[in-house]
Amino acid sequence: PKGRALKLATTAEVSSGEASIGALEQFDINMREESRKRRRNVFGAPEWRRHRSTSRYSRHIGSMFTSSIIKGLAPPVSFFTVLAAAYIAADTYGDAYGFTSSLVLPMAPFSLTASALSLLLVFRTNSSYGRWWEARKIWGGLLNRCRDFCRQGLTWFPEDKPELKAQLVRYTQAFAVGLKVHLRPDDEDMRAELSEILEEDELELALSKVHVPNHLLKMLNNIVNQAGLDPILASRMDDNITEFEDDLGKCERIFKTPIPLAYTRMTSRFLIIWLVLLPMALIKDMGWEAVPAEALISFLLLGIEDIGVQVEEPFSIISCEGICTSVITNTDAMLSTDTSDKSVVRLDGGVAILGASGPNRSLAGSSSNAGMERQLMESQAAVAQAQVEAKETAAQLSEMKAKLEAMEQKTSAHKSEAMEVRYPLC
């Protein structure tokens, strides 16, 4: 009952909070959240050439007024600009309306606190970038693990169980896609994404579970157990499943744990107070020129802080769908070429086609027999040599044992003589 009451109270609080969101803030949320999908970049050679080109300066300046970051900053930057204009107007024309209070502040406090503000902004952006880079490394490792896991299964599973191989590939693909959807619960639908990979009964079973990615890993474990592999090979594949579980936990840790909110709140409060009071320090030296100066300074500082906030949750801007596409494409190719890949092997420098007939087949067979006979002869010679060495070692051990016994007898005799000399009466 307490949990149910807490859940209802939380739901009511969220509903009331959503109802209180103004039209401007809702527009800002919709625009900025939609723009995150356009930041999921995957670079190739053409993109890197364009990225390194000196034309990037003109491109970046030209895209200023279409940037979602800049559009999102328009309301706060406009507020600080209007505030600066109001300060200067009050200071300039206040005497005519009986307003005699001075709005001028010295520049020294801003010079002293600028370094502290810079440290807060640097910490914010560095911490957010570290989270983004860690998430990208996790997904890069996930791609490698998916390839390796399917390679192991397709190589080690019995040839008379092709359905089990296909199911292994399906569930590996489903785990990657399911993890992506699991980290984007508000943007993507689990049923729609997995319906293209899993069969109908597999899909319904997965969707009936509370934690879909965890269920998919359990099914991968069941598939490996059904293959009846050697315990050593099964253990190797289980290590990869454990790595999948670790990747899942790492992603959930990043997704559910933000940078401590005290840092975010303190940075925002510090920045807002600093920008609100800054025009009072600029009035004396700049006059009306303080208005564009305030607009530029607020745009730059708010932009740095906003980038840190946008990158803090990395999974909605990392191209997880690009990685999932690579997983699906690579594993499907491995499955489709599994039989043909195994039909070609190399023996003694020649190519033997296992499914061939005629001269190629006989040549492969003769080469194979000759190679096996040579290996057998070498093994027999090695065994004979090992037996000779064992006999020699046994003889050496017997000789050393005899010498040791003789030394023990001499030692005992010396001890007896010494006792007689020292205690003659005894």
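Colleague: Among contacts in the chain between residues at least 6 apart in sequence, what share joins residues at least 24 apart?
Modeller: Happy to start there: this is a predicted model, in which local features need pLDDT of at least 70 and side-chain atom pairs count only at pLDDT 80 or more, while totals for chains, interfaces and linings use all residues. Residues are numbered from 1 along each chain as its sequence is written, and side-chain values use heavy atoms, with hydrogens and water left out. A contact means heavy atoms within 4.5 Å. Among contacts between residues at least 6 apart in sequence, the share joining residues at least 24 apart is 77%.

Colleague: Thanks! How many helices and strands are there in the chain?
Modeller: Both are DSSP runs numbered from the N terminus: helices are H or I with at least four residues, strands are E with at least two. The chain has 16 helices and 2 strands.

Colleague: Is phenylalanine 80 buried or exposed?
Modeller: Buried means under 20% relative accessible area, exposed over 50%, and partly exposed in between (1.4 Å probe, protein chains only). Phenylalanine 79 has 47% and is therefore partly exposed. Phenylalanine 80 has a relative accessibility of 3%, so it counts as buried.

Colleague: How are the rings of phenylalanine 79 and phenylalanine 80 arranged, stacked or edge-to-face?
Modeller: Rings of Phe, Tyr and Trp (its six-membered ring) pair if their centres lie within 6.5 Å; planes under 30 degrees apart count as stacked, over 60 as edge-to-face and the rest as tilted. The whole structure holds 7 aromatic pairs. For phenylalanine 79 and phenylalanine 80, the centres are 5.3 Å apart and the planes stand at 65 degrees, so this pair is edge-to-face.

Colleague: And what about tyrosine 129 and tryptophan 132, stacked or edge-to-face?
Modeller: These two are 3 residues apart in helix 6, which means a separation of about one helical turn. Ring pairs also link Tyr129, Trp132 and Trp133 into a cluster. With centres 5.8 Å apart and planes at 25 degrees, the rings of tyrosine 129 and tryptophan 132 are stacked.

Colleague: Which side chain makes a polar contact of 2.5 Å with the side chain of glutamate 188?
Modeller: Glutamate 188 lies in the loop between helix 7 (162–182) and helix 8 (190–194), and at 18% relative accessibility it counts as buried. A polar contact is a pair of N or O atoms within 3.5 Å; within protein, one must be able to donate a hydrogen and the other to accept it, and residues adjacent in sequence count only if both atoms are side-chain atoms. At 2.5 Å, the side-chain partner of glutamate 188 is lysine 180.
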